[in-house]
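The following paragraphs lead the reader through the contact between two chains. Please keep the structure in view while reading.

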Amino acid sequence: MARCLQTKVTSESHSIIEQGTVSLSRADGTTLLIKLSGPWHLKRDVPSAAILRRELESAAPPKTVSFDTTGLTNWDSGLIAFLVQTSQVCRARSIDQDRQGLPTGLRRLLELAEAVPEKKGTRSDTARAPFFERVGKMTMGYGLSVSEFMNFLGQLAVACGKYVRGKARYRRVDLVEVIQDCGANAVGIVTLICFLVGVILAFMGAVQLSQFGASIYVADLVCIGMTRDMGAIMTAIIMSGRTGAAFAAKLGTMKVTQEIDALTTMGISPMEFLVLPRVIALVLMMPLLCLYADFLGILGGLVVGVGMLGLSARSYMQETIATLTLTNLFGGLFKATFYGLLIGIAGCLRGFQCGNSSSAVGDAATQAVVMSIVMGVVACGLFAVVFNIIGI
Amino acid sequence: MSAESKKSGGGVATTKATIGKPHIIVKDLTMSYGSFVLMRDIDFTVRHGDVFIIMGGSGCGKSTLLRHLIGLKEPATGEIFYGDVNFTRADAETRELMLRRFGILYQSGALWSSMTLAQNIGLPLGEFTDLTPSQIREIAALKLALVGLSGFEDFYPNEISGGMQKRAGLARAMALDPEILFFDEPSAGLDPISSSLLDELILELRDSLGATVVIVTHELASIFAIGNNCVFLDAESREQIATGDPKDLLANSHDPRVRKFLTRGKEGGETANHHD
């Protein structure tokens with residue numbers, strides 16, 4: 001029969017060949033000879049098994065496939081991939097393969113690749129679940145996270161009870177260290193941000209108020225704005241990003257390295273040993289930072305008032321003192337304390353829920369920041385409504 | 001101040017009278033993650049003074065079984081007894097007291113990274129004994145000396161090598177003179193010499209402290225060198241398929257899966273000698 005099908009890819013001439021080539025020929029009716037020649041390298045773009053598939057579809061399929069590699073100069077994984085495809089094509093059509101013509105190393109690698117058959121069910125099902133199933137699963141997920149949150153709150157409450165009775169197990173040194181970290185070490189960034197917030201508030205007010213010749217009321221605006229809300233919420237946002245994330249990352253890493261397990265199995269409650277000092281430190285430090293933030297915001301307003309609006313420092317301060325009420329000031333400090341509690345809880349909860357990998361630690365830190373900012377801002381809105389209703 | 005000056009939390013360490021008596025009894029334990037059953041019907045007894053090996057291929061639930069034994073995970077069904085006390089049904093306080101009599105060496109050492117080695121060992125001593133800080137420091141130094149780390153008291157865990165972290169973890173596990181020592185993959189990540197030194201240390205501690213030892217491992221060398229009792233978990237059938245002295249199993253077991261494991265795949269399986 002000797003029907004020769006030169007389905008070649010590039011020129012046959014050896015001097016020009018830079019690429020691997022494959023040619024198929026039928027020696028007789030039952031055998032298809034696959035002739036491989038040239039260098040087969042992945043980086044030089046190797047032919048695909050589509051050629052073989054086309055050939056098998058175009059004519060009556062042969063019984064066996066054999067290989068001729070006399071022209072093959074060298075090869076890498078590109079050739080193995082081609083042969084694995086070839087062998088899949090042959091198996092699908094129940095054609096035998098005669099691998100005698102292949103180099104020994106290549107034959108062994110092929111056997112290795114085919115030694116363990118693909119495990120059924122290993123490949124993930126890519127089909128998407130129906131809409132209602134997804135909605136239901138997500139809703140149940142939320143329910144679960146709410147119950148986890150409540151569980152955490154309950155445990156924290158028990159730990160607080162023990163702390164009050166002096167029975168909680170924690171190290172004083174740890175508490176002092178956390179207090180230093182979320183108190184003194186945060187002063188720098190609070191200074192910068194809250195001073196600028198005061199400046200911004202003053203600018204916003206000045207544009208409108210100076211039109212009526214009422215520039216002096218910038219002092220009122222800044223004073224009330226900072227003490228009532230801005231001081232507390234800005235400090236809370238700074239501390240969420242700075243300290244809440246750090247708590248989540250630290251506890252998450254401790255979970256990954258089994259340090260939390262080591263505490264538990266030693267009979268030391270991680271809730272008392274790790275969470276309690278952190279929450280206490282934040283609850284103690286937040287009102288102090290907030291007071292400092294209020295002061296700096298007013299200072300920022302003063303700089304704008306004196307520098308841009310031509311007010312005297314004395315009259316600005318007099319106006320501020322006349323406006324400042326203890327109700328606003330303590331309202332702000334109370335809010336700050338509450339935000340501190342929220343940030344501590346969010347940071348520690350996300351740290352405890354962290355999965356067992358380094359990327360999970362990153363996720364935990366992100367979620368801690370998102371959760372504490374969201375909870376903080378929502379609480380801020382609620383406070384505004386409630387304070388308004390009770391007339392503060 | 002010597003180690004004798006403090007007593008472990010009221011427990012009875014292994015003595016000549018208790019040797020051979022059951023220490024840990026696991027009854028019909030089923031382990032699961034949610035609805036996924038990892039292993040079912042696990043049943044074995046660890047005697048006082050045993051070096052008990054939990055073995056099996058990767059991913060079969062060895063470490064999970066250990067987490068059940070030390071109360072970090074609750075059984076789906078079944079119970080775990082320590083002596084006569086039901087650990088699974090015990091209330092939180094009883095459990096805490098029982099946990100204090102365990103010493104656990106985690107796979108990565110799990111030393112608290114913000115504390116020095118001496119503080120790591122001193123923490124349980126400070127919490128559960130009435131020792132003064134200077135006594136605690138002396139005992140911490142003694143425990144470090146026992147694992148060959150004298151002079152490293154003031155090092156932080158990240159300043160020492162992985163093998164040293166493991167030994168320091170062992171020193172911490174021994175802080176309260178435990179009755180039972182648990183090891184999770186003690187030789188993982190250690191070179192063969194450190195690994196065999198650790199094996200010797202484990203045997204030495206078992207003999208001198210009179211402790212019972214439970215080890216999760218798949219290191220054949222360690223299994224035969226120190227183990228005298230074992231349970232073999234099979235991931236495929238999700239059951240325990242053998243229990244007893246590993247040397248006996250090697251000599252007498254007819255189960256091809258056990259033989260294949262204990263001979264590094266040279267016997268017992270159809271893929272044996274495949275690439276030789």
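In this predicted model, seven residue pairs are in polar contact between chain A and chain B, counting pairs with both residues at pLDDT 80 or more. The side of chain A that touches chain B draws at least two residues from each of α3 (104-115), α7 (217-256) and α8 (259-265) of chain A. Of these elements, α8(A) gives the largest share, six residues. Sorted by class, this side of chain A holds nine nonpolar, five polar and five charged residues.

Charged groups also meet across the boundary: three salt bridges are found by the rule at the interface of chain A and chain B. In a salt bridge with an N to O distance of 3.2 Å, the side chain of R169(A) meets that of E127(B). This distance lies within the 4 Å cut-off for a salt bridge.

The extent of the interface can be stated in two ways. By residues, 19 of chain A are in contact with 25 of chain B. An interface is often sized by the accessible area lost when the parts come together. By that account, the area buried between chain A and chain B is about 1,900 Å², and carbon and sulfur atoms give 57% of that area.

The average pLDDT of chain A is 87, and 93% of its residues score at least 70. Residues 1-15 of chain A, however, have a pLDDT below 50. In the model this stretch has 27 contacts beyond near neighbours in sequence.

Key
Residues are numbered from 1 along each chain as its sequence is written. Chains are lettered from A and ligands numbered from 1 in the order in which they are written. Side-chain values use heavy atoms; hydrogens and water are left out. Contact means heavy atoms within 4.5 Å. Buried area is the accessible area (1.4 Å probe) that two parts lose on being put together, summed over both. A polar contact is a pair of N or O atoms within 3.5 Å; within protein, one must be able to donate a hydrogen and the other to accept it, and residues adjacent in sequence count only if both atoms are side-chain atoms. Helices (H or I, at least four residues) and strands (E, at least two) are DSSP runs, numbered from the N terminus. Ala, Val, Leu, Ile, Met, Phe, Trp, Tyr, Cys and Pro count as nonpolar, Asp, Glu, Lys and Arg as charged, and the others, Gly among them, as polar. pLDDT is the predictor's confidence in each residue, from 0 to 100.
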